[in-house]
Amino acid sequence: MRRFVADRFRRIAAQAMANNFSSSSNASKQCLGGYPSSPLTLETINPKVLKCEYAVRGAIVAHAQRLQEELQTKQSSLPFDEIIYCNIGNPQSLGQQAVTFFREVLALCDHPALLDKDETHGIFSSDSISRAWQILDGIPGRATGAYSHSQGIKALRDAIAAGIAERDGFPSNSEDLFLTDGASPGVHMMMQLLIRSEKDGILCPIPQYPLYSASIALNGGTLVPYYLNEATGWGLEISEVKQQLEEARLNGTDVRAIVIINPGNPTGQVLSKENQVGIVEFCKNEGLVLLADEVYQENIYADNKKFHSFKKIARSMGYGEKDICLVSFQSISKGYYGECGKRGGYMEVTGLDKDVKDQLYKVASVNLCSNISGQILASLVMNPPKSGDESFELFYAERDSILSSLARRAKTLVDALNQLEGFTCNEAEGAMYVFPRIHLPQKAIKAAEAVNMVPDAFYCQRLLEATGIVVVAGSGFGQVPGTWHFRSTILPQEDKMPAIVSRLTTFHQKFMEEFRD
């Protein structure tokens with residue numbers, strides 16, 4: 001009986017294999033038992049993943065990478081000799097140098113044996129050496145390759161809290177700090193905490209950094225848009241936010257939080273203190289968690305603007321822990337430091353009940369901890385050299401050189417864009433980007449539709465293929481319907497800016513001639 005069953009199974013299996021190979025239309029889809037050849041297809045993966053989009057590394061960037069590979073093999077095949085990635089805020093990839101003090105301390109912490117060598121004192125500054133000792137003494141076992149507490153090393157959190165207190169003039173508690181691999185994991189953790197179903201909404205600025213729309217989509221929530229006013233320099237108007245909140249609530253959405261990006265990404269505006277006061281009051285009155293993206297706090301270029309943290313604003317208004325829930329995000333990837341690859345940052349969480357914070361800790365502990373190098377750099381960013389330290393003059397010379405150069409580059413690009421036919425571009429008051437509006441001819445819009453592309457993405461692809469310049473279509477960030485934009489970083493080094501402007505100008509003139517109505 002067993003032999004009969006085995007022989008029959010072999011015959012059935014052999015017949016199934018024969019049918020599988022003989023049917024070319026089903027060969028890639030079917031296998032024994034009628035199941036798909038792969039257990040994962042676009043039809044069977046989590047639909048929330050399909051809904052998620054991240055334009056900063058999207059189709060245009062993938063196309064640029066293919067062109068870069070082509071350049072390496074057939075340099076004469078394209079009308080340019082390099083790809084210039086203006087799609088993402090990645091300063092060191094475009095030539096920005098790391099800050100000496102930060103890297104000296106990090107090197108000594110990662111290789112403590114250097115601290116015992118006499119020659120080290122002739123290579124590294126004395127305050128780099130003393131800071132490395134201080135940091136290592138706060139790390140259990142002085143092991144920078146070990147796991148840490150899930151919120152981050154306590155001594156480093158204490159140092160960051162001290163830096164926040166010095167910045168704001170109000171106390172900061174290291175127990176409120178969660179050290180993260182950049183700001184993004186903190187955003188994801190908060191979305192996991194806030195979003196229970198598609199009925200939960202998060203107010204987000206439009207245009208917005210796609211991290212927020214992606215995280216909301218992945219967690220199954222609803223993005224509630226509020227539009228920044230391009231005509232007033234991308235101003236945030238409380239009346240617009242209130243209108244969107246009320247409409248969402250009428251439609252059955254439980255709006256739980258609001259995202260504020262200051263300085264703005266991709267729009268580059270810096271909020272006034274008065275505007276921030278209004279936002280804090282609005283959040284308190286409406287019972288919203290305020291999610292403050294403050295990763296560009298060092299990148300202020302407008303003479304009449306200054307960064308104020310939302311925590312400082314709230315405390316200045318007399319609001320404490322029991323009055324408003326506030327989460328602030330900071331990163332070592334931006335500012336003048338640009339340590340994107342080191343993946344460091346933090347979120348400061350205030351106003352949450354202890355029971356809720358315990359749940360947030362549980363979410364953090366699932367990922368064990370953030371990397372120690374990033375934690376160290378975050379502590380250094382918030383505690384740079386002081387007057388009298390050996391590194392003080394070099395540190396501030398490097399910092400000021402980077403920031404002043406970024407301000408000049410921003411002005412160069414904004415001025416150039418505003419001279420082009422059909423372009424309008426607001427001043428980049430801060431951050432690392434310009435977000436110009438392109439008034440495209442109807443002929444260009446129809447040409448884009450003919451190839452099933454969004455018009456600003458069509459423009460960006462043509463720009464890439466003609467010049468090698470990579471920018472991101474405004475449609476990837478959100479925009480008022482019927483308007484078209486792109487985002488470009490201001491990060492290429494100053495000596496490359498004239499060539500970039502020249503390439504862009506030449507391309508745009510030809511594009512407008514080709515598609516003029």
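A pocket, as the word is used here, is an open set of grid points with protein on both sides within 12 Å along at least five of seven lines, and its lining residues have an atom within 4 Å of a point. With that in hand, let's walk through this structure, which is a predicted model.

H15 gives the largest share of the lining, with six residues. If you sort the lining of this pocket by class, you will find 10 nonpolar, six polar and nine charged residues.

Stay with H7 for a moment, and look at its packing. H7 lies against helix H14 (residues 372-381), the two axes being 8 Å apart and the angle about 25 degrees. Angles under 35 degrees count as roughly parallel, so H7 is roughly parallel to H14. The crossing of H7 with H14 is left-handed. On the H7 side, the contact uses Leu156, Ala159 and Ile160, and these meet Gln375, Ile376, Ala378 and Ser379 of H14. By class, that gives five nonpolar and two polar residues, with no charged ones.

How many cavities of 30 Å³ or more does a search of the whole structure find? The search finds two. The largest cavity has a volume of about 80 Å³. Its lining has 14 residues, and Leu413, Val471, Ser488, Ile500 and Leu504 are the closest to the centre. Helix H15 (392-418), strand E14 (486-489) and helix H18 (497-515) are the elements that give two or more residues to this lining. The lining of the largest cavity divides into 12 nonpolar residues and two polar ones, with no charged residue.

The second largest cavity holds about 60 Å³ of space. Among the residues that line this cavity are Pro205, Pro207, Tyr226, Ile260, Ile261, Asn265 and Leu271. Eight residues of this lining are nonpolar and four are polar, while none is charged.

Most residues other than glycine have a negative phi, and most peptide bonds are trans. The bond from Ile206 to Pro207, however, is cis, with omega near 5 degrees. You can find Pro207 in the loop between strand E3 (200-206) and helix H9 (210-218). The bond from Asn265 to Pro266 is cis as well, here with omega near 20 degrees. Pro266 sits in the loop that runs between strand E5 (254-261) and helix H11 (273-286). As for phi, Arg343 has a positive value, near 50 degrees, although this residue is not a glycine. Arg343 belongs to the loop between strand E7 (326-331) and strand E8 (345-350).

How is H18 set against helix H16 (residues 442-450), roughly parallel or roughly perpendicular? The axes of H16 and H18 are 8 Å apart, at an angle of about 85 degrees. The two helices are therefore roughly perpendicular to each other. Lys443, Ala444 and Ala447 of H16 make the contact with Phe511, Glu514 and Phe515 of H18. The residues of this contact include four nonpolar and two charged ones, and no polar ones.

The axes of helix H3 (residues 59-73) and helix H17 (residues 455-467) come within 10 Å and cross at roughly 15 degrees. That angle makes H3 roughly parallel to H17. H3 passes H17 in a right-handed crossing. In H3, look for Ile60, His63, Ala64 and Leu67; their partners in H17 are Ala457, Cys460, Gln461, Leu464 and Glu465. Six residues of this contact are nonpolar, two are polar and one is charged.

Terms used
Residues numbered from 1 in each chain as written. Predicted model: local features only at pLDDT ≥ 70, side-chain atom pairs only at ≥ 80, totals over all residues. Heavy atoms only, no water. Axes fitted to C-alpha atoms, helices over the stretch in contact; angles between N-to-C directions. Helix = DSSP H or I, 4+ residues; strand = E, 2+ residues; numbered from the N terminus. Parallel < 35°, antiparallel > 145°, perpendicular 65-115°, else oblique. Left-handed = near helix turned anticlockwise from the far one by under 90°. Contact = heavy atoms within 4.5 Å. Nonpolar A, V, L, I, M, F, W, Y, C, P; charged D, E, K, R; others polar. 1 Å grid on protein atoms, 1.4 Å probe; cavity = no way out; pocket = protein on both sides within 12 Å on 5 of 7 lines; lining within 4 Å. Points joined across faces, edges and corners; volume = space filled by probe spheres on them.
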